[in-house]
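Please look over the notes below alongside the structure. They are set out as numbered points.

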Amino acid sequence: MTEPVSLPVSLLGIAAILFYGATHLLWFQMGGHQTRHPFVRGFLLALPSILIASWACWIGESGKAIALLTSGAVIFVTLLLGVVAMSGPSGGIGSLGLKMLAPLAVGTFIIGLSGELRPIHAWSLLGMMVLLVWAFPRTSSGSPVKTGIRGWVYTALLYVVGVVVMSIAVSRIVELPVLPLLGPVVVPLTVLGSIGLLVTDLQRGSSSGEADAVQTICGGAVALLGIGLPCVILLGHWTGEAVSSTTQPLVTPPVVMPLQAWRIDTVLLTVLSVILLPVGLGRFRLGRLEGVLLVLTCVLFLVVTVSTARW
């Protein structure tokens, strides 16, 4: 039993190192702590989790892929936002980007009511995400930074290798009864390097630093729900139809919202997004106390998720 477990653990360690280096390169390529596009940086930060979830769906684990994305969004909103709030100035932090979370969180909760996730659900989430991003006010706080194409090549290379290594580890993890979960394992390793960088964004001493950090977190959560979920749903239906056309008609739906992810992840996301709505509207700011509560919420969420995984 030791050898089957040690191999994916080693692969996870290698992937974490690759993602750590790739995240630092991404920050530099996006302008460092003077970025002009924090939302795009958040989207790119969530891209590895989306690709790994798509791979899990491709190998027939669509339920685990859905759970990876929903739990990943929870980790972004609790762990990353909590750490940033704990490290923020005495006056607290806030950003208009937080108001984008509520529609997507509620939409994810609603589509999970039916159990089966259909293509119409995917297009609805994607369309909602596009409208939210399109309606968000454009702000450019940073200054243009000239970066060479070689830096982007190195960044993409590290991310691609990290995704491949992590996908191989995921292929082994889903075969093991030790931990039948992906989100609590995959997502923290992909965003590990961003925690210190987000905190450093706040330490620039300007008011735009906190907005850039929070908007990066919001961009990652929005990408997981508005891009990742539609991709997994559509991919699951496409692969399911391909299998049914070559063998026999499907008895069960190709993509189903996992009951645990719907009961825990989507409910917690909805509650948190509603609580954070006044912050997104500029009526309240997150202080250190709220940051501690968010981090404790993340710890409690991970404990409950792992302990109820086999229910």
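1. Arg41 is buried, because its relative accessibility is 0% and the cut-off for that class is under 20%. This is a predicted model, so the values here are all computed from predicted coordinates.

2. What does the side chain of Arg41 meet in a salt bridge? The partner is Asp201, at 2.9 Å from N to O. Asp201 is buried too, as its relative accessible area is 1%. The two residues lie 160 residues apart and link distant parts of the chain: Arg41 sits in helix α2 (residues 38–58) and Asp201 in helix α7 (residues 183–202).

3. The structure holds three salt bridges. Another of them joins the side chains of Lys64 and Glu61, at 3.4 Å from N to O. Lys64 counts as partly exposed because its relative accessibility is 23%, and Glu61 is placed in that class at 22%.

4. Arg118 and Glu116 also meet through their side chains in a salt bridge, with 3.7 Å from N to O. Arg118 is partly exposed, its relative accessible area being 37%. Glu116 is partly exposed as well, at 22% relative accessibility. As background, side chains of opposite charge can pair when their charged atoms come close.

5. On the chain as a whole: the secondary structure consists of 11 helices and zero strands. Of its 311 residues, 51% count as buried. Among contacts with a separation of 6 or more, 84% are between residues 24 or more positions apart. The chain exposes about 14,000 Å², and 71% of that comes from carbon and sulfur atoms.

6. Thr23 belongs to helix α1 (residues 2–29). Its relative accessibility is 0%, so Thr23 counts as buried. With neighbours within four places in sequence set aside, Thr23 is in contact with Leu45, Tyr159, Thr190, Gly193, Ser194 and Leu197.

7. Helix α5 (residues 119–135) has 17 residues and spans 24 Å from its first C-alpha to its last, close to the 24 Å expected at 1.5 Å a residue. Which residues of α5 are buried? They are His121, Ala122, Leu125, Met129 and Leu132. Viewed down the axis of α5, these buried residues fall within an arc of 105°, so they line one face of the helix. Ile120, Trp123, Leu131, Trp134 and Ala135 are exposed on the other side of α5.

Terms used: Residues are numbered from 1 along each chain as its sequence is written. This is a predicted model: local features need pLDDT of at least 70, side-chain atom pairs count only at pLDDT 80 or more; totals for chains, interfaces and linings use all residues. Side-chain values use heavy atoms; hydrogens and water are left out. Helices (H or I, at least four residues) and strands (E, at least two) are DSSP runs, numbered from the N terminus. Buried means under 20% relative accessible area, exposed over 50%, partly exposed in between (1.4 Å probe, protein chains only). Contact means heavy atoms within 4.5 Å. Accessible areas come from the Shrake-Rupley method with a 1.4 Å probe; for residues, only the protein chains shown count as cover. The expected span of a helix is 1.5 Å times one less than its number of residues. The arc is that of the directions from the helix axis to the C-beta atoms. A salt bridge is a side-chain nitrogen of Lys or Arg within 4 Å of a carboxyl oxygen of Asp or Glu.
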